[in-house]
Structures are given as C-alpha cells and as structure tokens.
Amino acid sequence: MSTAASSSTSETIAEPGLKIKVSTKEGEVFELDEKVAKMSQVIRGILEDLGEQNGGDDSVLPLTQVETRIFRKILVWLKYHAGHDKEEAPKAEEDEIIARFCEEIPEWDQKFLNVDQAVILEIMLAADYLDIKKLRGLCCKTVANILKTKTVEQIREMYGIENDFTPEEEEEIRKQTAWCEDEPPRQGSNH
Amino acid sequence: MEKNTRQRRPKPASQPSALSSRRIKRAADAAALDAIRKAAAKRLRLPPQPKNAVHTRSQSNVDPDSPQGPIMNLPNEILVRILKMLPMTDQRRSTRVCKRWRLNLNTPAFFQKVNLCNAASIGLQATAKYLKVGVNHETVNLTFSCTTVSPAYTLASVAIVRSLANRCPLLKRLTFTNGRLPLEALPAIPSSVQTLVLTNVTLINGRGKIFKFYRKETGLNKKAMKAVYQELHRSTTTNK
C-alpha cells in the first residue's frame, strides 16, 4: 500500500561490466553482476570492506558452505529478483517488506520453491549463510505452510523425528494444547 | 554511515570508471586475495554445527537416507524461524512433536514477538490462551506485529492490550509493528509501560479514520502517549 511510494524513485540499471566472482564448495567459479551479488548482505559487506584495499579483478570470494547445485538455484532466484524487485528498501522497512512478502508469497516464488523439501531446507541454510533475508524468509514460510497442514504424527513421520516424550509427558502436553488441536473456528469474525 | 554506501546509486555514465579503478586497481596479488579470504572467513561464519545435546539425540534416530532428515539438522535458530511462521495454534500444537521442538517453542524469547496475523482467524479466545502460555509476569519487553490489515485485528488489539495489565505487571516496553492501532488501545496500555514503540503503525481515531502514521520507529513515553491520545480523542469528537 502506502510503502510503494518510497521505492519507485529509480529504475534498475545494473552497473555495466562490474562482475563479482565467487566459488562454491566444490570450487566452481561463478561470475555475478554486482547488483546480483550484493543481494547477499555477506558479499555486500565483504565488497564494502574491501572497497579501499580493493580485491583486484581476479579475486574470487570463496563461498565454502554452498554446494554448486544449491548455488545454481539461488542464482536463479537472485537474478529474477534483481530484475523484478524495486529499489532495495531502507533498513527500517526491510523486516516489514519481508514479512509481507512471506505472508503472500508471489506465484513465481511459489513455483521456484516447488521442489523437494530437503532442497528447500538446503536453500534456506545457504540463504542464511549468505544473509539473503528475503529468500531465507521465503523458505521458512514455505516449510511452515507445509507443517501447518500436518498432524503432529504426520510431522514426526515426515521428518523421521522420534517421539522422545514418555506417554505421561505426552498426555500432559496433549492436555495443555487441547485447545488448539481441533480445527480452529474459521468463521470470519467473533464479535 | 552505512546509509551512505547504500544510497550510492549506479550512474552508468560517470561512475563506472571511478568505481572500477577503485576496486579493480591492479592488485590481484596474493595479499589482496588473502585479505578477501580473511574477510570472507569472518563474514561467512560457519553455520552452527548440529552439536547440541537435544540435537544429536534426535539425529541419531533419524534415518540418514531419509530425504526429510535435514530438518533435524537445522540449527535451533533456523528451526525457530520456521516455527515462528506458523499460526499461533499450530505453534502450540507443535510442542508435542518432540523435546527439542518443545524447548524451542517455550523459551521466553519465543514469545517476545507475537505475530497477531492469525488472531482474527483463530479467534480472540484462542489468542488469549496463546498469550497466556508465554506472556506473563516475567515479560518486560513485548512486541506485537501484524502484516495483514484487518478490522478484526484492530478490535483484537484493544482486547489484547487490555489483558496485558493483569498478566504482565513488569511490562516496561510495548512495541507495535505493522498494522493499525485504534484509539481505544492507548488508555488500555498497562500503567507499568514506560515506552510505547510504534513502527509502521497507523493510529486510527474513534471514527475509524486514519489519524497518524508512524513509519519510522517512534518511541513514546507516558507523557507523549497521553498527548497523542488526547489529540486523537479530539479529532474523533470535533470537525465532523
């Protein structure tokens, strides 16, 4: 709504020619546009730190925790959003924008994460490592949306989680949470 | 200071030469690379390894080949991020899954920020029950957030704010982010609250009209709260 006004000031022009090289866990090197690379706050921070001493054009940032196959996925997401997102928001509004984005995940992003849950989790970890908050939030919300539809038993089964409560403990917790076990009242209002 | 670098906007015509000469000065030597690696190592801190007790315990029971296994390998911080995104009732329900989930869902920190987005759909009663679990006599700091703007939330927020007086005698700082706060909520704020923080919050007056929009984080002390309320109240009763 009213927040849109703040961000529509400039078009998205990539700086021509400026490329950032990064390498994945396996050592594969990728060349990214500066704009794309800087969507990772970690890479942005490094580049800013190095701004003065400068890295030289042959230097490669080693992203030792990210596997190539996951990085490829992330790159797709980054490139899409680099081209489609409005100018980045001021820090104060970042949380809100992410929250809103996660509340109603756009169709493109839904499709992007229409993959095996294990892959979503890996993307999530990599996004956390690279500090790409929006992508991390997107992954978290997507997993939460899956959890939401499952019973406790189904959640355990889905993730292979052992029920490590004693029957007594579980009964106790069941009592405590009885009020949220049933289908919650979905009527629009209660006043 | 961080702001300055942020605001730098690419100007294709004039900037590139300056930029590239700054960064791509001929110094791709070992020293520069070393600097990068050091900086990178510092920034790219290793993600927490799944080593804490609760963790390994459940992990040992997970079939390593199970494609879904990784959720138990997530650091607690990320697990919490996921669980936080569940509706309130589902969060409580999930305390039954296993001990690790329960621990993470029951920390005071977990309840420091409550997302009221689902308050309308689960109902006021359920919301109250949820708050009862973790918002209590020890709560000093509390944040409510809501990304969806709904009239139900607006009403709920008044009742919720009212309920805090008895529940949290030590509450010092109450924060609202994103959403609407109606006039009636202000006098309901417990007297123990010293600071009311509003970020991206719209105050609406008694006629449901937008009165004031706090985009930036704004802290109001008691005096300011009172002044705002009086102003709001006036705007409701006068100039029809």
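Two strands pair if DSSP finds at least two bridges between them. In this predicted model, strand β1 (residues 19–23) of chain A is joined to β2(A) by five bridges, and the two run antiparallel. A:Lys21 faces A:Glu31 of β2(A) across this pairing.

**Sheet in chain A**

β1 belongs to an open sheet of three strands in chain A, ordered β2-β1-β3, with mixed pairing. Its edge strands are β2 (29–33) and β3 (60–62), each pairing on one side only. Neighbouring strands are turned by 35° against each other on average, direction ignored.

**Helix α4 of chain A**

α4(A) lies across β1 and β2 of chain A and runs at about 15° to β2(A). It also meets a helix. The axes of α4 (residues 68–84) and α8 (residues 133–148) of chain A come within 11 Å and cross at roughly 115°. The crossing is right-handed. A:Ile74, A:Trp77 and A:His81 of α4(A) contact A:Lys134, A:Leu135 and A:Leu138 of α8(A). By class, this contact has four nonpolar residues, one polar and one charged.

**Second largest pocket**

This pocket has a volume of about 1,200 Å³. Among its 43 lining residues, A:Asp95, A:Ala99, B:Met85, B:Lys113 and B:Ser145 are the closest to its centre. α5(A) gives the largest share of the lining, eight residues. α8 of chain A supplies at least two, as do several elements of chain B, including β3 (173–182) and β4 (195–204).

The lining divides by class as follows.

| Class | Lining residues |
|---|---|
| Nonpolar | 14 residues |
| Polar | 14 residues |

Methods. Residues are numbered from 1 along each chain as its sequence is written. Chains are lettered from A and ligands numbered from 1 in the order in which they are written. This is a predicted model: local features need pLDDT of at least 70, side-chain atom pairs count only at pLDDT 80 or more; totals for chains, interfaces and linings use all residues. Side-chain values use heavy atoms; hydrogens and water are left out. Axes are lines fitted to C-alpha atoms, for helices over the stretch in contact, and angles run from 0 to 180 degrees between N-to-C directions. Helices (H or I, at least four residues) and strands (E, at least two) are DSSP runs, numbered from the N terminus. A crossing is left-handed if the near helix is turned anticlockwise from the far one by less than a right angle, and right-handed if clockwise. Contact means heavy atoms within 4.5 Å. Ala, Val, Leu, Ile, Met, Phe, Trp, Tyr, Cys and Pro count as nonpolar, Asp, Glu, Lys and Arg as charged, and the others, Gly among them, as polar. On a 1 Å grid over the protein atoms alone, a cavity is a set of points where a 1.4 Å probe fits but cannot get out, and a pocket is an open set with protein on both sides within 12 Å along at least five of seven lines; lining residues have an atom within 4 Å of a point. Grid points are joined across faces, edges and corners, and a volume is the space filled by probe spheres set on the points.
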